Amino acid sequence: MKRDVYTVSPDDTVMKAIKIMNKYHVGSVIVAKNWDALGIITERDILKRVVVKRKNVDKVLCRNIMSKPLVTIE
């Protein structure tokens, strides 16, 4: 479990997610809208859904590569 959770918006680019992951030395970010967790983006998601397919990280939106549904607990 981790106390500090970092988030991106579904409309943010994958590059923003990458920058947050690098800045805070984490392997994933939660995709959230209005404090509702919609999905998660992991390093593996970026590799499989962006890098291997040679997509532009400045144009692909987080909503398009996030893993969902996100299972959460209180």
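Here is the tour, and keep in mind that this is a predicted model.

**Stop 1: a loop.** Select Asp 12, which sits in the loop between strand E1 (7-8) and helix H1 (14-24). Is Asp 12 buried or exposed? Its relative accessible area is 16%, and because the cut-off for buried is under 20%, Asp 12 counts as buried. Then show Val 60, Leu 61 and Cys 62, which Asp 12 touches, leaving aside residues up to four places away in sequence.

**Stop 2: along the helix.** Move on to H1 and pick Val 14, Ala 17, Ile 20 and Met 21, which are buried. These residues cover an arc of only 120° around the axis, so they lie on the same side of H1. What covers the buried residues of H1? Show E1, strand E2 (28-33), strand E3 (36-42) and helix H2 (43-51), which are included in the cover.

Stop 3: The structure holds 1 aromatic pair. Select Tyr 6 and Tyr 24: their ring centres are 4.1 Å apart and their planes are at 15°, so the pair is stacked. The pair links distant parts of the chain, with Tyr 6 in the segment before E1 and Tyr 24 in helix H1, 18 residues apart. Tyr 24 is partly exposed, at a relative accessible area of 36%.

**Last stop.** Click on His 25, which follows H1 and has a positive phi, near 55°.

Methods
Residues are numbered from 1 along each chain as its sequence is written. This is a predicted model: local features need pLDDT of at least 70, side-chain atom pairs count only at pLDDT 80 or more; totals for chains, interfaces and linings use all residues. Side-chain values use heavy atoms; hydrogens and water are left out. Helices (H or I, at least four residues) and strands (E, at least two) are DSSP runs, numbered from the N terminus. Buried means under 20% relative accessible area, exposed over 50%, partly exposed in between (1.4 Å probe, protein chains only). Contact means heavy atoms within 4.5 Å. The arc is that of the directions from the helix axis to the C-beta atoms. Rings of Phe, Tyr and Trp (its six-membered ring) pair if their centres lie within 6.5 Å; planes under 30 degrees apart count as stacked, over 60 as edge-to-face and the rest as tilted.
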